[in-house]
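Good morning, and thank you for coming.

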Amino acid sequence: MSTQAADLPASFLQKMQHQLGEALPDFLKSLAEPAPVSIRLNPRKHFNHSYTVHIPWAENGRYLAERPVFTLDPFLHGGAYYVQEASSMFVEQAVKQCIDLDQSIHVLDLCAAPGGKSTHLVSLLNDESLLVSNEVIRSRANILSENIQKWGYNQVVVTNNDPEDFKRLPGFFDVMVVDAPCSGEGLFRKDAGAMQEWSDDNVMLCSKRQRRIVSDIWSSLKENGILVYSTCTYNPEENEENLVWLKESHDVEFLKIKLDDAWGAVEVEQDGITGYHFYPHRVKGEGFFISVIRKKENADILRMKNAKTGFQPPSKKILEQIQSWVIDPEGISFIQREDVIQFFPSVKSQEIETLSKNLRLVSAGTFAAVVKHEKLVPEHALALSVKLNHANFPALALSREDALRYLRKETLNITTSHTGFTLMLYENIALGWGNVLPNRINNLYPAEWRIRMGA
């Protein structure tokens, strides 16, 4: 999709004329051009690809020459990459330049669905850090959980909470990312609905909502913690003016991000605040705004009990078996809730139990198996996990046609010599499980995830 100047709301054009001045014609010309297509590779799932045009501010970001039918690409369903807009990947620079990623930190991605920034953030964190990925709308939280599972990292907790619920966790987070719901001006080229819904009243409504969101979660950021605030819009009401409001309301420090002139990002400084604009006539990407803020004021800190967690481990027999299913099990805590076994980093057991008592959890860590009569049935999330011990399971290499049949949950007519739970691979990327029986293969792909698109 592309956008012509005549399609744009008159008031929006007036605002952009004031904001861009002589650069307005270049901006309008960019909106009439096709939107760039970009993806971000999963650094822990390697596969053969031909994406050679690198996004300069994101180590694993790549531009594509054209937009493929992503739904029919098995690599996407195996979590080998995520389809993400290039400008929004600049969060990587904010995190790498302003945060010590060698430390064990707690990170909140507040408005996380469908999962672009969360999968990006967890790729940047070390294995002893914890990401809380939140979405307020339940249906979108389920989509978020699906994408987190496909990405395959186990130090993520997906929650379904209102921002004000995080007041129960004072000083818990070292970093909070608020990609705030906005008027979507930066997506006009890609999303006709955003343009049709735009109005001056909606801009002001979004601005007020953004301030309420930041106010609600502010107490859960510790002293000297970092807030990364971003929108996909241009107007000052939702960007610079909100930052000025934050500065006047709290003791904060705005951190600078070192830019490469070739990137095309625009630094803005006014009234003591600092932010960065991405405009489509200057960058190969959509509209985006970001700012990094350090909290300087004192904050209460939630005290957690230094005792054993209430989580129940599996039986010794089950534990010995499940530990063989993962690599480096020494740093992993396995717990059993009813008949389901899940795992996450041992160093974060206390924190995850605290989260479970204060928030609505959709998922925590990786669901590994279901216990049936002292036997283990592997969960789909385990097949996609970067912690899976591939050597412990037989595997079946699928052609692209068979991979798509598998992802549609169709019958697979493949002959193999072994039986039992088998990892379904497409060019070494795990897609899920099949149960190989003497006369057939039971397709265990989750019914709710299946591809519905035809060839």
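**Cavities in the model**

The count comes to 3 cavities of 30 Å³ or more. A cavity here is a set of points on a 1 Å grid, over the protein atoms alone, where a 1.4 Å probe fits but cannot get out; lining residues have an atom within 4 Å of a point. Grid points are joined across faces, edges and corners, and a volume is the space filled by probe spheres set on the points.

Please note that this is a predicted model, in which local features need pLDDT of at least 70, side-chain atom pairs count only at pLDDT 80 or more, and totals for chains, interfaces and linings use all residues. Residues are numbered from 1 along each chain as its sequence is written, and side-chain values use heavy atoms, with hydrogens and water left out.

The largest cavity holds about 90 Å³ of space. Its lining includes Ile148, Tyr153, Thr366 and Phe367. Domain 1 (5-295) and domain 2 (306-392) each contribute at least three residues to this lining; the domain bounds come from an automatic or database domain assignment.

The second largest cavity has a volume of about 40 Å³. Among the residues lining this cavity are Arg211, Leu227, Asn242 and Trp245. Which helix gives the most to this lining? That is α9, with 4 residues; helices are DSSP runs of H or I with at least four residues, numbered from the N terminus.

Conventions. 1 Å grid on protein atoms, 1.4 Å probe; cavity = no way out; pocket = protein on both sides within 12 Å on 5 of 7 lines; lining within 4 Å. Helix = DSSP H or I, 4+ residues; strand = E, 2+ residues; numbered from the N terminus.
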